[in-house]
Amino acid sequence: MIDIHIAGTYRVGHRTVNRLGYGAMQLAGPGVFGPPKDRNAALAVLREALAQGVNHLDTSDFYGPHVTNQLIREALHPYRDDLVIVTKVGAVRGDDGSWNPAFSARDLERAVHDNLRNLGLDVLEVVNLRAMFDVHGPAEGSIEAPLSALAELQHRGLIRHIGLSNVTPAQIAQGRTITQIVCVQNHYNLVHRDDDALIDQLAASGTAYVPYFPLGGFTPLQSSALSDVAARLGATPMQVALAWLLRRSPNVLLIPGTSSIVHLGENLAGAALVLTAEDLDTLDRLAERH
């Protein structure tokens, strides 16, 4: 049994979650589109994640679309009291699998209701608004209108807490003038470290930071230095990358995704990996080479 509590906990809104969570994106088909190749295997991974102590699930109804939420409901409903499901809105999928902005008040209300229906919930615990000014990364633009629409749905009792995804510091500041922002979900990992300063600022305000693509996403992290550290520790490079993120700041919450129970176990075992000062120095220098 893997004790993921070693990695500690952190608050998201009024809930406390283990810092090692699970991201459901990879449970959908290729390109996060369509059904999984093996539905029973996908259900088994979700159940195993919770059996290992995961109580923070990250999902979205545009994964599939609808696929991962329906899998979560089938595998885990009725939900454990300690389970926090975080979803996101702001995009829709085209028939060709494309990722398209869906930022209007009508789009967002539809997305919230889709999430509620497919997850089998009366209220969504946390909803991240994903900015889509640039699908590949944060880009400036006002989020006042869509975030105000989400805040109205929050006022109506459909959402408890709101977070932001794929955003800039300026957008976070703007968001805080509209509603409380309980978490930020941006692209960040060992070699993609644009948000270094932002993580520290959020930590100072007690706000969770949830890196997506913590292992590189569609292009997995590859580095001889990373592999050397892993070999020295008797671990996998991905375990080392996750352990580094856990050491980065106490407000960092991890949501590595996988469709494999074996890989799930490997990811969660990263909670117990101890990095030396030499290891950390080696890993910190990786960002300088990219």
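Predicted model: local features only at pLDDT ≥ 70, side-chain atom pairs only at ≥ 80, totals over all residues.
N55 sits in the loop between α1 and β4.

I2 belongs to the segment before β1 (9-12). I2 counts as partly exposed, at 23% relative accessibility. Q52 lies 50 residues from I2 along the chain, yet their C-alpha atoms are separated by 6.4 Å. With residues up to four places away in sequence not counted, I2 touches Q52, G265, L268 and A269.

## Helix α2 and its cover

Helix α2 spans residues 67-76 and is mostly covered. Of its 10 residues, 7 are buried. They are V67, T68, N69, L71, I72, A75 and L76. These buried residues pack against α1 (39-51), β4 (56-58), β5 (84-89) and α3.

How do α2 and α3 pack, and at what angle? The angle is about 30°, and the axes are 8 Å apart. From α2, the contact uses N69, Q70, I72 and R73. From α3, it uses N115, R117, N118 and L119. The residues of this contact divide into 2 nonpolar, 4 polar and 2 charged.

## Helix α3 against α4

Helix α3 covers residues 105-119, and helix α4 covers residues 144-155. Their axes come within 9 Å and cross at roughly 40°. The two helices are therefore oblique to each other. The crossing is right-handed. On the α3 side, A105, L108, E109 and V112 make the contact. On the α4 side, the residues are P146, A149, L150 and L153. The contact holds 7 nonpolar residues, no polar ones and 1 charged one.

Is D114, a residue with a relative accessible area of 16%, buried or exposed? D114 is buried, because 16% falls under the 20% cut-off. D114 is found in helix α3. The side chain of D114 makes a polar contact with the side chain of R117, at 2.7 Å. R117 also takes part in the contact between α2 and α3. Not counting residues up to four places away in sequence, D114 touches D61 and H66.

Most residues other than glycine have a negative phi, and most peptide bonds are trans. Several sites here depart from that pattern.

A cis peptide bond joins G64 and P65, with omega about -10°. P65 is in the loop between β4 and α2. Another cis peptide bond joins H77 and P78, with omega about 0°. P78 is in the loop between α2 and β5.

H66 is not a glycine, but its phi is positive, about 75°. H66 lies in the loop between β4 and α2, and it is one of the residues that D114 touches. With a relative accessible area of 28%, H66 is partly exposed. N166 also has a positive phi, about 60°, and is not a glycine. N166 is found in the loop between β9 (159-165) and α5 (169-176). At 1% relative accessibility, N166 counts as buried.

Technical notes. Residues numbered from 1 in each chain as written. Heavy atoms only, no water. Axes fitted to C-alpha atoms, helices over the stretch in contact; angles between N-to-C directions. Helix = DSSP H or I, 4+ residues; strand = E, 2+ residues; numbered from the N terminus. Parallel < 35°, antiparallel > 145°, perpendicular 65-115°, else oblique. Left-handed = near helix turned anticlockwise from the far one by under 90°. Contact = heavy atoms within 4.5 Å. Nonpolar A, V, L, I, M, F, W, Y, C, P; charged D, E, K, R; others polar. Buried < 20%, exposed > 50% of the residue type's maximum accessible area, 1.4 Å probe, protein only. Polar contact = N/O pair within 3.5 Å; in protein donor to acceptor, adjacent residues only side chain to side chain.
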